[in-house]
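Subject: Structure for you to look at

Hello,

Here is the structure I promised to pass on. Please open it and keep it beside this email while you read.

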Amino acid sequence: MIAPNSKSQPSRERQRAVSRYGMSIDLDRCTGCGACMVACAVENNVPPAHEGATARKGITWIRVFKVDNGEEGAARRSVFVPVLCQQCGEDTPCVHVCPQQAVEVDPATGIVGQMPERCLGCRYCMAACPYHARFFNWWDPQWPAGMEKTLNPDVAPRMRGVVEKCNFCHGRWHAAKERAAAAGKSEIEAGAYVPACVESCPTGAIRFGDLKDAASEPAVAAKDAHSFRLLEKLGTEPKIYYHSKRDWVRQVAAAPKPPNGKENARG
Amino acid sequence: MQRTRRDILLFMGGGAAGAMLTPAPWRLVTDAAIWSENWPGIPRPARGEITARYTNCALCPAGCAVRARCVAGQPVSLAGVAGNPLSQGAPCAFGLTGHQLPYHPQRLKQGTPEEAAAAVRGAMAKCGPGESVAVLDLAPGRASSWTYRRAMAAVANGVYLAPPRPLGGAAVNLAKARTVLSLGAPVLDGWGTPGNVHAARANFRLIQAEPWESRTAALADEWLPIRPGSEAALALALKDPKTAPSAAQATGLTEKQILDLANELTASGPALVLSADDLPEALALNQALGAWGQTLVARPEVPVPDAWKKAAPERVVASVPDSSIRVLFIDESVPGSHIPWSAVEKKLVRDNPVVVAFAWSLEGYGRHAQFTLPTAVYPELTSDIPPAIDSPAATFRISAPLVAPPARMTDPSAFIAKAAGMDAGNALQERADAIHKSGRGTLFTYADGKSTPLKDIKPDAFWKSLNEGACWVDDAAVGRASWPAFLSSPHDTQAEPQSTAFPLLVAFAEPRTASLTSPLMSKLYQDSDLRMAPNTAALHPDTARASGIAGAARAVLETQYGRCAIGVIPDESVPPGMLEVAAGPEVLDICGAFTRAKVVAA
C-alpha cells in the first residue's frame, strides 16, 4: 500500500475505490522514441495533426518532452519525460472547475475521466491542470480518405470544441472487465488490463498496475527512494510515479521550469 | 385595461427569464451537444468481429513480429508479439502505425505498366556494347532479390545492384558484448531491432562518442562529446595509442580520456565498436579487439534452391562504370537503404536511358524515373524479410498481407522477370521449401509462442505457419576463425575531403529513411517537437548567424551533390559547425555518408 499523505487523510473516494490504477515511468530507460505517443493516438482515435496544428494546439494524450539540465556543451545532459494526465487522486483540479460535471473520478478505478458529450469547451480544466495534460479540439477530427477504416471501434472520436485527455485507455478497461466477467470473475487480473502506451514501450520504461496491490510494479516503484511525482508540493496526489537515479532529473520535477527558463530543449 | 409597449417587453423579458428556470433550454444544449457529437464530419468506427492476426513488419530490416487487432478483417492496431525470440515484442513508432500506410494521401494509385514494358523492350533491344540493364534493389537478400539476380543473369549485360551491406553482411551479437563503443551509431534509436537491443542493454556498458547529445548519447552510460568529424581519429588512437596526442587535438578529449577508453575496451571485453557508416578505422579497431567470433559473427546462410545459384553477383553502384546503364529498374516497394540520386544518375547513359521505379509513393526515386509503377505497401505486400544486423542466427520470416492490395498494383519481380524472358514463379514458396529441405533450425509460431524443430514439421504446415505469423530460426554456429576479407576491404563509404566550401558536418538526427510515414507520425513532429519533421535541420544559433539565416524558418541546404529546401530550427544543443538533419527524400538525395554541407538563405 502507498503511504498516506502526511498532509491529508485518504478521501472517501480513495477509501471506497476497488482499484487505484497508477503508473511508474523509468526515465533512465526512456529513449524518447515516441512509440507511446503514436500507440496512444491509434488506440484512442486521435486524428493526425491538422494543417494548422502546432506543438501548442496539437492533441497528444501522452507527450514526451526533452528536458535538459540547463548546462552548455559537454556538461549538458538531457532526459525524456513522458507526461500524461497524472490522474490526480486528491483535490483533482479539473474536476473542481468544470461547470458541466464533464470530469469525474471513477470510483471503481480511480481514473479521472472526461465526458466530451457534457463538455462545453470552456477550457477551465485546461487552465486548472498544473500538468498541461488536457487538450482542446480546435478542429473537426479528420483522417485521410480511407484511414477511418483503421479506427478503434471501442473509442468514439471527439468533436470540435471539446476537451480531451488520457483516461488510461478506458476502453481497454471495459474490454478486460468483460473478459473477466465472461470467465466468471468479478475482478480484472493483474496484467489483463494495460494501456496502449505501456504495451508499446520498447524499453519497458512504462509500467502499469493497481496501486492498491502492493506487489504491482507502480506500487513497488512508489516506495523507491529514487521515485518522485510531478509537482508533488501541490498535494494533488498524482498516480504517475517517475523514477530516475539522476539527482538533477528528480530536481527538475519539483521546479516549475528548468534553469534555462525553457519548457523543453527546443523552446 | 390598456396594454403598452412596456407591458409587452416586460412580458417577453419575464417569459425569457422564466424559461431559464424550466428544463427546456438545458435540454436544447444537451441535444445540440448530442447532435454535434454525431454530425457527418465525425467518422464512425466500423464494427465487426474482433480477431488477432500475425505477421512481420516489412518497414525496416528489423522485421519485428506483429500482432494485428482486426475488426471485421481490417487491422485497427498493431502491437509486438511477446516472447518473440528476435524482436522481443517491441515495434517502433513507425511500425505501430504501419497499418495506416495504405491510406496515405500521397499513395500512388495509377501507373502505366504496358507503356513501361514497351519502353524497356525498346531500350533493351538497342543496348549497345558496354551498356547494361540493371536492377537496383534497396532491400537485398529477399526471395525477390534472388529473382532479380536470376533475371539479370538471364539477360546480356545484366547487373544486379544493391546498397552496401552494413558490416559487409556480418552479424552483431549484442548478447555477448560487455562494452560497446559507438562512434555516432544510433544504437538505441533505429540501429537494430528495438526489442533485441533493449533486451541486451542491461548486459553491456554503452559509451557513445558523438559531437551532439543524440537519443543514444542521452541514455548511454557515458557520452564523450567529440568534435564533429573526429570519429576516425578517435578509433585510430584507440587502436594505436601512439596517435593519442593528435587524436586528443582532433577530438577535443584529453589524452588520458582516450587512453582510459582504450584500456577499458581491452580490459572489459568482449567489446564491440560500431560506427554510423562503417568507418574503416572502426572495423580495424574491432579486429584489434578480437571482436570476430565474439561480438561480430558470421551468420549461417539462409538456404536457397539449387536452381537459383546461377545468379548475377551483388554489386554496389560505385562499381559500375559511369554512363553505362541503359535500362534501370529500381525496387523501392520495401523500404531500404537510400543511395543519393546523384550517385545513381551518373551511371545512366546520356541518351534516353529508361528508368522504371516500383514504389507506393512518388516521394523516392519515382521523382526521377520516367515510369513509376505503383506497388503494394506493407501490410498489403507479401515479402520475406532478411535477417536483421543484430541477429546472429539465420532467419526466414514473411510479411504476409493483412489487407488485400488495390487493383492494378504491379509486382516488381514478375515485371522484371518477364522483361528478362523468364518466369518469376512463386519464389517465396520455393525458398521456404528449400529451407524445409535443409531440415535445419526451429520454427517459432506467434499465436501459441511455441518453438518446434523444423524436422518435425511437414512442408505444407511450414508454409502455412509462415503465412500465419511465424519465423524460422537457425542459430547453428558458423566456424570461421580468422578476420574475414570483406571486413578488411570495406565498401564504398568514405569520408569526403575537408572543404571550405562546405563547412558544416551533417549528422542524421532521425532514422534515415526516404519512405513516407503514416500521417499519425505528425504527433511526433508537428503536434509536439519530440522529433524533427522530414527535410528539417537544427543548428546552433551562432551557425545560423554565420550562415546568414538567423531568424529564418526556411533555408537551402547545399552539398557537393546538389541543393534542396529545408526547414530550420535554432537549437543551442547542436554544436557549432554541425547540422542535425531529419532525413527526407530530398535531403537523402544530396547527403551520403559523412556529408559536408552549407546552408544559405532561401
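Strand E18 (residues 442–445) of chain B is joined to strand E20 (residues 470–474) of chain B by four bridges. The two strands run antiparallel. To find your place, look for B:Thr445: the residue opposite, in E20(B), is B:Ala470. Keep in mind that this is a predicted model.

Now zoom out to the whole sheet in chain B. Five strands make up this open sheet, in the order E16-E17-E20-E18-E19. Their pairing is antiparallel. Which strands lie at the edges? They are strand E16 (383–385) and strand E19 (450–453) of chain B, and each of them pairs on one side only. From one strand to the next, the twist averages 25 degrees.

Chain A has an open sheet to look at too. Four strands form it, in the order E8-E1-E10-E9. Here the pairing is mixed. One pair to pick out is A:Met23, which stands opposite A:Phe208 in E8(A).

Next, a pair of helices. Two packed helices are described by the angle between their axes and the distance between the axes. Take helix H9 (residues 231–239) and helix H11 (residues 255–267), both of chain B. Their axes come within 9 Å and cross at roughly 60 degrees. The crossing of H9(B) with H11(B) is right-handed. Which residues meet there? From H9(B) come B:Leu234, B:Ala237 and B:Leu238. From H11(B) come B:Ile258, B:Leu261, B:Ala262 and B:Leu265. By class, the residues of this contact are seven nonpolar, no polar and no charged.

Last, the place where the two chains touch. On the chain A side, 47 residues are in contact with 51 residues of chain B. Four elements of chain A each give two or more residues to that side: helix H2 (35–43), strand E2 (63–68), strand E3 (78–83) and helix H6 (196–200). Which element gives the most? H2(A) does, with seven residues. Sorted by class, the side of chain A that touches chain B has 25 nonpolar, twelve polar and ten charged residues.

Best wishes

Definitions and conventions. Residues are numbered from 1 along each chain as its sequence is written. Chains are lettered from A and ligands numbered from 1 in the order in which they are written. This is a predicted model: local features need pLDDT of at least 70, side-chain atom pairs count only at pLDDT 80 or more; totals for chains, interfaces and linings use all residues. Two strands pair if DSSP finds at least two bridges between them. Axes are lines fitted to C-alpha atoms, for helices over the stretch in contact, and angles run from 0 to 180 degrees between N-to-C directions. A crossing is left-handed if the near helix is turned anticlockwise from the far one by less than a right angle, and right-handed if clockwise. Two residues are in contact if their C-beta atoms, placed from the backbone, lie within 7 Å. Ala, Val, Leu, Ile, Met, Phe, Trp, Tyr, Cys and Pro count as nonpolar, Asp, Glu, Lys and Arg as charged, and the others, Gly among them, as polar.
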